[in-house]
Structure formats: C-alpha cells, structure tokens
Amino acid sequence: MDNMTLVLHSGLNNDTKAETFNLQRTDEAGLLNPVRFVKIVPISAHSPSFNTSIWHVSFLGVNDSVVVSRAEEAYASYKETTAIRHVLKYLRQRRHLASFRALQSRTGFMLEHPVVTKVHDNLMSGNWSTVESLLETAADEGLFDDCIQACDPKALWCRLNGANPDGDVPTARGGHQMCIDVADGIIYMFGGWDGKKSMDDLWAYSIAEGRWKLLSPNTALNDGPGPRSCHKMVFDPMLGYIYLLGCFDENERPRSPSPSGTATPAHPQNETATTPPTDTTANALSQDAVSVPSGAENGSKRGSMLSPLYRYTTRGPTAGSWTVLCADVQREGGPPLIYDHQMVIDSEKQMLYVFGGRIVDADSESGTMRFSGLYQYNIVTGQWEHILDESIPSPKISRPIPSRFGHSMVFDPRNSRLIILAGKKQDTFLADIYGFDVNTQEVTEMITDFSAAGGPDPSFCQRAALDPESGHIYVLPGLLKGKGEKKPATDAILRSTFWIFKPETLHWSQVSNARPRPVDMESSDMETALVPKPRYAHQMVYDHNRKVFYVHGGNSGLESNWRLDDFWSMTFERPTRKEMVRRTKFIARRQHFKELCDTVPSVQALTFLQRDVHAVVDHLSDEETATFRALQSHLFDKASPSQASPTDTSGEDIEMMTAGDASLDSSDSALKHSSRSYMPGIPELERDEQEVDTHPELTPELFRQRTFVFESLLELINADAKQPSTDLINLVVPAKEL
C-alpha cells in the first residue's frame, strides 16, 4: 500500500444526490494507471455533529481486455526501462564505468540526452572550455526549457500612452468592457462609468501601432447599444464579431435620497462616503429598495427590462455596423436583464455561455437580490437554453453552481469546460472554483476555498484570463476579503497582486514584480513602473499569442470616487536560455576556480576569479554576489581536495541552484540531494582499472566534487533529458521489511 497515487482530492455535498468525479487516469509519464486497490480516506465531516461516512461508491471505466492488456504491457515495459536506467545511474555514480558501459551496450538504453552525457564525460576529464560549449549547445536544443517554465515568473509592468495623432485616449472610467482580437492585434473598449454618467463610446487599440482610435463617440446613434456599464462583451476570433449583453445604465439606476432630499442616481461603480465602498456593482441596491422606471432599455412599456443581445462586425464589407440579434433575450429563453455577469464564447462550436449576474428587476420593491443562472446561446440557430439555476432543480445536473455576481468565468477549449471563480453572493465574498463540462453538463466543485489552498483571499470583481496552450488561469484580484476577518462586507481591501491558477493540479502561485527594465528614452509612448495602483472595476485582456496582458482603468480606492484612465501592459519575465547558460557557467567556473586554487599560483587563480568568474555573476542578485565574495577565501586555503569535506558549504562554494525556485539563486538543495548518494559504508571511488579515457589525476574526492557539480547542473535540465531523479539505494527497503 506504499505505492499509492493520489487520483482525486474533493468533497461531497451534504445531500443524498449521486455525484460523479473524474479520476486521474495517467501518471507523469503519460501511462494509464493500472489499479489493483483503491483507498478512500474521509477528510472531514460537514459539521462536528456529523459522523464521517461513505454510503456507496461505484467505479466506472474501461474493462475491455484488449485495452487493459495493452496498458499492462506498456506499464511493464516502463518499469523495466526505469529499473535499468536506475542501475546505470548507480554504476556511473560509483565509478564502475566498465560495468556501466557493458550494461548500456547490452541493453541499448540511453541514460540521458547525448549532450548531457558529453557534459558529464568532459566535466570528469576537466575539459572546462568544452563543458561550457556543451552547455550552450544544451540551451540551443531546449534542454533548459522545462526549467525555465517551472520557474515562478515575475510580472514586468509597463505603462502605455497610446494617444492618437490628436492626442485622444479613452477617458477615466470603471465598469467598462474590453475584448481582444488576438489575430489582428486589436483591443476593443466600450462604455463604462466615469463617476457621473455612463458612456457609449467605442475605441480600438492597435497593438502594432500603439495607438487608440475612436470608432464611435456614441454607438446609440449608430443603431448600437446605449450608454451602460457592468455589461459583458466577448470577441469571436473565427468570424470577427463582438457580442454584447447586459447593462446597468442610466435608466436602470436605482434612486437614493441625496442630502438635499432629491432623488439621485446610485451607480454600482460609484462608491462614496454615503455608499458602502466594497461592492463595486450593487451595494447601493442592497441598501435601498429598488425603484426603477417602468420604461426599459429601448423604450419598453412592460414591467421587466428588455435584455437585447448586440453584435458588432469588425471585418468585411459591413465592418463597423451593429446588429440586434435578440431584442429581448428573456423572451427567447435567455436571461433577464443582468449586470456583473460573465459571458464567454466557444468560437469553434459558435456557442455563447452566460452565467450569474444580478438581475435588474423593475417589479422588485423589496431590494432582495436576485441572481441569474447558466444559459447557452447557439449563434447559428439563434436558440437560447437555460441550462441550470440554483433555485430550479434539474434532473440532468447532479449539483447546482451557487449563484453569484462580480465573479470570473473562462472557457477551457482543451477540456470543453467552463471554469467559474469567486465573486459575491449577497454580502458573502466567495473563494470557490467550479467546473462545468459543456458536453456532459457535469458540474465539479474544483476548490471549496482557494484562500485556504494557497490562493488569494476571497475576491469580488476580479479579472481572469486563460492561456489555451498551458491551460493556466491568470487572476488579477479586485476587492478582497481578508482571511478570517470578522468584518462586515463593507470593509473590503485592495491589494495589487497577480496570481496563477493551474486547474490540472489545483495549484496557486503568486507572481512577484520584476526589477524595472531600462527606460527607452526615445519612446514617448511608454514609461516603466513597478506595478499599477491597486484597483477594482478595471478591465483586463490577454494576448495569448504574444503572451501579454493589458489592463485599463477602474477605481483606485475604497474611500474615493476617483476613476483611472491609465493603460498598462504586463509580460512574464522568466529566465531566458542565455540566462540559463550564464547560471550553469557560474556553477562550472566556481568549481574550476576551486581546483585552480590548489594547482596554480594564487595570482593566476585570482585573475581567473576576477575575470572569468566575475563575468558570469548576476551582480543584481544578493545571493550570487555573496557567493562570489565567499569564493575569495579559497585563495588563502591551500588545502588539497582530499582534505576538504564534500558537504562543507561554509564558503558557499558548492551552493547549488534548483529549478522551481523563485530566484534559482541561493538554494543548496541540489547539494544536499547529491550528498545523500554518498553515505558511510560505500566503497571508495577509486579509478576503474578499465577506465582508459578519464583524467589520470581524478582522485576519489575530486570525482565526488565534480559529480556534485554535474548533478547540480542536472537540476536545470529537462526531466526527459537526464538520468532518473531518484537513487537506486533509496528504493531499497529496510531489512526488517524484507
């Protein structure tokens, strides 16, 4: 039972309805998991008074004998190959090179990428210039790429100007919408609330030109939507259409008494001292009874507001024109008039999905919040379908998704699912994540509380984007509710943070800010800064081809009514291949310098330190500069390599760097890992009698030290291009268990 693999970590609803969960089917090598035993561990009960119990569990899967037989054969072959590679690694580590070559020749198995093997052989022979040349070759062949992607990225923000020849840019606003045409490199912006009124201006930003262009100052005059905010807008990359739904405009704004006693509009983005600041869209509505004029968006006389669906054409002969696809989507089976909802598009299947949001109800006088459910719209047939609603049981849906507003939703095309994050329900800030399979209509609660799973605090009015290649979700929080805070909903907080969520592993990571890059003095359109001000009611779009985020506007504070007009781009800064070569050369040259201290005059070793080692040090890194300064102590210590302890890190001379660290600058875990391979009681690593191509002066201790250096270099190499990470001796169980 020690070889158990975690295939699911989830929870059950407190009801009697059957629930279905997808189990992890493959391991890290992509092989199907052959299962003999299944272990279910109850984690917690719904309340202290409940007993932990599981009533019935059934497993569904493939039991076809042909499929199972193939999976068993593939797994057996994988185990055989892995066992031999572990033996090869052990023989080379212990300097049994004759046996190593004989086994490799007999089996034909490769322990690692040929370039990595050459690095090992030349390192053991002390051919330092060849080692460095091979490290450059390894980078060119992408052998450091996995390490680069595993590094925690840093956010590099850059403020954009984007003024057109007339000096025009979009004015300050919040609650507006942006969408992006990735193929043509154009960002579209529409509407918003400037603190006094809603707007209906339409802008386009050319990424290539770095300029805004005003497409229409008033779209209502061009058969388009009227002034509004808190709407949603998506771009269809296949056909070049923009779809727009929902609003919280001037006509629907509730009335609240002003100091003079007259009725004044209270906007969801208009937080003042008299309006609770934490709810960007509806706290005013929750505080006062809703009093909405009976007239709807286009002059409707019925009690409920009309909810039209607009389409804007960006390509072809009709580019620049608006079309009303549905005058009232509610009559066609769609949602009522809503705001602070979410809408995404499956461009391949030509399907719109709309979830959540607060309903603008002209008939409501109680002020009770009402929320919308999940709808889909078939663009080809023009048909709406109400898929699920928390208040309406459905025989096809095993569990509902709690209603909410001010949430985020993305469409994952690889898995054909919607992923819904956070938001707010009544006065409760949410920190859950749900998945919805659009093909099977299966609902999965992915995370109940991401703030307790290493993620951000419960969030409202955050912005999210999905990378279709990696499947990662990027989140820029809005209003946050601190963990465990016993404060009312009005006491939300703002923080300028950026997060990455990996749905496959349910792992969160926070992105720190990169060092500011040098300013291009010839560019008047761009100025660098560390990070934008904390904000909410902003907009963010993601260019997944160029890997660039764009953020605009929003509200800059809880106590102010100040809207922002700033426009930012953000890219992730990760180590480049050139940077990985520099880091690996720093590892190699440190060892080279240590050996020079014991073999050449001190002046010659000092020259190498000041010229060659100094050239590969990142002098902006405190860890690397400290390690570099510590190397000078070896000039005054002429002890031979055999007198030094291989695990002595007092001089920080063998300090290793590991992939996955945020900085990759100061971890010594690689050294500690390597040291575990050389425990007391093992044979001395004397030169193999048949070892004909190894440097004759390679003493056992020097072999150990160079092996440490090699294994520290391996920490930066792709997993599929290097020897197994585990050691053969660690697979041996204690004698009492035999």
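How are H3 and H4 oriented relative to each other, roughly parallel or roughly antiparallel? The structure is a predicted model, in which local features need pLDDT of at least 70 and side-chain atom pairs count only at pLDDT 80 or more, while totals for chains, interfaces and linings use all residues. Residues are numbered from 1 along each chain as its sequence is written, and side-chain values use heavy atoms, with hydrogens and water left out.

The secondary structure of the protein comes to 11 helices and 32 strands; helices (H or I, at least four residues) and strands (E, at least two) are DSSP runs, numbered from the N terminus. Of the 738 residues in the protein, 51% are buried, where buried means under 20% relative accessible area, exposed over 50%, and partly exposed in between (1.4 Å probe, protein chains only). Contact here means heavy atoms within 4.5 Å. Among contacts between residues at least 6 apart in sequence, 60% join residues at least 24 apart.

Back to the opening helices. The axes of H3 and H4 come within 9 Å and cross at roughly 165°; axes are lines fitted to C-alpha atoms, for helices over the stretch in contact, and angles run from 0 to 180 degrees between N-to-C directions. H3 and H4 are therefore roughly antiparallel to each other, given that angles under 35 degrees count as roughly parallel, over 145 as roughly antiparallel, 65 to 115 as roughly perpendicular and the rest as oblique. Their crossing is left-handed, a term used if the near helix is turned anticlockwise from the far one by less than a right angle (right-handed if clockwise). On the H3 side, Val115, Lys118, Val119, Asn122 and Leu123 meet Trp128, Thr130, Val131, Leu134, Thr137 and Ala138 of H4.

Leaving out residues up to four places away in sequence, Phe144 touches Leu135, Ala138, Ala139, Met580, Thr584, Leu716, Ile717 and Asn718.

Turning to the sheets, strands E2, E3, E4 and E5 form an open sheet in the order E2-E3-E4-E5, with antiparallel pairing; two strands pair if DSSP finds at least two bridges between them. The edge strands are E2 (177-181) and E5 (211-216), each of which pairs on one side only. The twist averages 25° from one strand to the next. Strand E4 (residues 198-206) is joined to E5 by five bridges. Two of the residues of E5 with bridge partners are Ser216, the partner of Leu202, and Arg211, the partner of Ser206. E4 and E5 form a hairpin with four residues between them, and Gly210 in the turn has a positive phi of about 65°.

A second open sheet has four strands in the order E13-E14-E16-E17, again with antiparallel pairing. Here the edge strands are E13 (342-346) and E17 (383-388), and the twist averages 20° from one strand to the next. Within this sheet, E14 (residues 351-355) and E16 (residues 374-378) pair over five bridges; Val354 has Tyr375 in E16 as its bridge partner.

In helix H9 (residues 622-630), Glu624, Thr625, Thr627, Phe628 and Ala630 are buried, and what covers the buried residues of H9 includes H7 and helix H8 (602-613). Asp637 lies in the loop between H9 and helix H10 (669-675). At 42% relative accessibility, Asp637 counts as partly exposed. The C-alpha atoms of Asp637 and Lys594 are separated by 9.9 Å, although the two are 43 residues apart along the chain. Elsewhere, Thr313 is found in strand E10 (residues 309-313) and counts as buried at 6% relative accessibility. Setting aside its neighbours within four places in sequence, Thr313 is in contact with Gly240, Tyr241, Thr318, Ala319, Gly320 and Ser321.
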